[in-house]
Amino acid sequence: MVEVQRTADAELDRLRPVLDGLGKAFEDAGHELALVGGPVRDAMLGRAHTDLDLTTSALPDETERILERWGDVTWDVGRAFGTIGCRKGPWQVEVTTYRTDAYDADSRKPDVAYGDTLAGDLGRRDFTVNAMAVRWPGRAFEDPYGGIVDLADRVLRTPVTPEQSFSDDPLRMMRAARFASQLGFDVAPEVVAAMTAMADRIEIVSAERVRDELVKTICGRWPRRGLSLLVETGLADRVLPELPALARERDEHQRHKDVYEHTLTVLEQSIELEERLPGGGPDLVSRLAALMHDVGKPRTRKFLDDGTVTFHHHDVVGAKLTRKRMKALRFSNDDTDAVTQLVELHLRFHGYGSGEWTDSAVRRYVRDAGDQLERLHVLTRADCTTRNQRKAARLRRTYDDLEERIARLSEEEELASLRPDLDGNQIMEVLGIGPGREVGLAYRHLLDLRLEEGPKSPEEARAALQSWWADQQRPDDQARG
């Protein structure tokens with residue numbers, strides 16, 4: 001506890017240059033101001049912040065007037081919710097009027113009522129570790145619900161009963177999973193029990209808010225903690241039902257691996273490989289692909305007469321399920337397309353065997369992966385969860401070989417920008433035709449030829465195009481293209 005306080009004092013000293021002046025401005029105007037929530041919690045964890053959340057007794061219009069005099073740029077974050085934003089130098093602050101939030105039983109939006117005390121505002125917070133505040137100026141520490149003790153114990157509890165807290169805002173159940181993932185904290189048993197009993201309540205929250213919390217959970221440092229909590233409480237059945245479906249995909253006769261545990265292991269292994277990707281992680285698309293790559297298995301599982309089990313076409317089925325779920329959660333089209341593509345391609349490598357692919361097959365692998373090739377490398381490597389060390393080493397060596405072949409061909413042939421040896425204008429010139437369907441057919445033929453045989457000289461490409469075109473003109477050809 002002493003160490004936590006010492007860490008907090010050091011971080012709060014760092015904040016004095018910005019908060020001393022801002023606190024004095026609110027005090028001179030006759031209002032209270034306090035640093036609150038995540039910045040206080042993270043100060044005690046030794047995490048530096050330049051984005052600061054504060055709460056005040058001032059109403060939004062008065063807050064805006066004070067911030068306009070104090071800061072560089074002021075904007076309206078959400079006046080209806082009592083929040084005004086401001087930037088001063090490298091610091092960004094959001095100041096919110098004391099308030100209480102509550103959901104109507106059938107509403108997707110909270111009703112906002114302004115409060116008049118800091119203690120009342122802290123009581124509406126989601127968890128005790130976020131219900132601590134530091135008044136400014138003066139730096140008086142306010143912790144009416146024992147947040148510092150829970151922080152030291154690394155546990156999530158609610159300031160009021162969890163039933164009341166989750167009734168006020170059901171999204172807090174998702175936040176429990178998010179903070180378990182981000183902070184590595186345990187969730188108090190009574191909180192887990194309330195989440196389980198009230199899981200249906202999440203259905204009144206908008207898909208966008210659910211998606212945002214799910215993204216933060218998946219991109220946390222310990223996503224297994226958060227995702228396991230969602231499955232355990234039944235929340236995942238409402239927001240990501242494909243995941244608990246994997247948990248139910250267990251084989252009592254041990255004829256195939258536990259798909260749910262395999263999936264979480266693949267996710268963790270993909271995280272370890274994120275340093276291969278631009279930016280180094282956390283990479284949402286890569287993590288979602290790992291999480292969703294086997295969701296087609298429950299619908300495709302078949303037991304054969306010899307006792308073996310198959311999941312034929314689970315990559316294709318899984319891609320369709322992934323697209324449907326991501327659309328329901330309002331993910332962007334780009335993210336949806338990328339994740340769906342990775343799920344559909346995640347088995348492609350297993351046709352590589354011991355390196356028997358032709359150069360043509362390698363080119364097609366690169367062409368089909370497109371700009372997701374590096375993520376496909378990560379997913380494919382992470383998808384090896386066998387405990388047989390000899391088999392795992394063999395798979396790694398085989399994929400190393402594939403990547404080396406891709407690199408060699410890329411250097412020789414510029415695979416990243418793979419295209420036919422003739423463009424559309426050149427095709428029309430050679431064939432003496434104008435724009436139309438035939439140009440597209442010719443383009444695809446040349447691209448297939450490029451994939452099969454590699455690059456050609458302009459003369460060779462023209463000759464191949466003319467030969468193909470002559471075949472198309474034959475009266476007995478019933479399947480042009």
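What follows is a chat about the overall chain, one leucine and some aromatic rings.

Visitor: What kind of model is this, and how are residues numbered?
Guide: It's a predicted model, where local features need pLDDT of at least 70, side-chain atom pairs count only at pLDDT 80 or more, and totals for chains, interfaces and linings use all residues. Residues are numbered from 1 along each chain as its sequence is written, and side-chain values use heavy atoms, with hydrogens and water left out.

Visitor: How many helices and strands does the protein chain have?
Guide: The protein chain has 23 helices and 13 strands. Those are DSSP runs numbered from the N terminus: H or I over at least four residues for helices, E over at least two for strands.

Visitor: And what's the radius of gyration of the protein chain?
Guide: It's 29 Å, whereas a compact globule of 481 residues would come in near 23 Å. That's taken over C-alpha atoms, and the globule rule is 2.2 Å times the number of residues to the power 0.38. Along its principal axes, the C-alpha trace spans about 90 × 60 × 45 Å.

Visitor: What share of the residues is buried?
Guide: 49% of the 481 residues. Buried means under 20% relative accessible area, exposed over 50%, and partly exposed in between, using a 1.4 Å probe and protein chains only.

Visitor: Switching to Leu 15, where does it sit?
Guide: Leu 15 is in helix H1, which covers residues 2-28. Leu 15 has a relative accessible area of 1%, so it counts as buried.

Visitor: Which residues does Leu 15 touch, beyond its sequence neighbours?
Guide: Setting aside anything within four places in sequence, Leu 15 is in contact (heavy atoms within 4.5 Å) with Leu 35, His 49, Leu 52 and Trp 91.

Visitor: OK, rings now. How many aromatic pairs are there?
Guide: The structure holds 6. Rings of Phe, Tyr and Trp (its six-membered ring) pair if their centres lie within 6.5 Å; planes under 30 degrees apart count as stacked, over 60 as edge-to-face and the rest as tilted.

Visitor: Why is the pair of Trp 357 and Tyr 365 called tilted?
Guide: Because their planes are at 55°, with the ring centres 5.4 Å apart. Trp 357 and Tyr 365 are both buried.

Visitor: What about Trp 468 and Trp 469?
Guide: Their centres are 6.1 Å apart and their planes at 40°, so that pair is tilted. Trp 468 is buried, at 8% relative accessible area.

Visitor: Which residues do ring pairs link into a cluster?
Guide: Phe 349, Tyr 352, Trp 357, Tyr 365 and Tyr 399.
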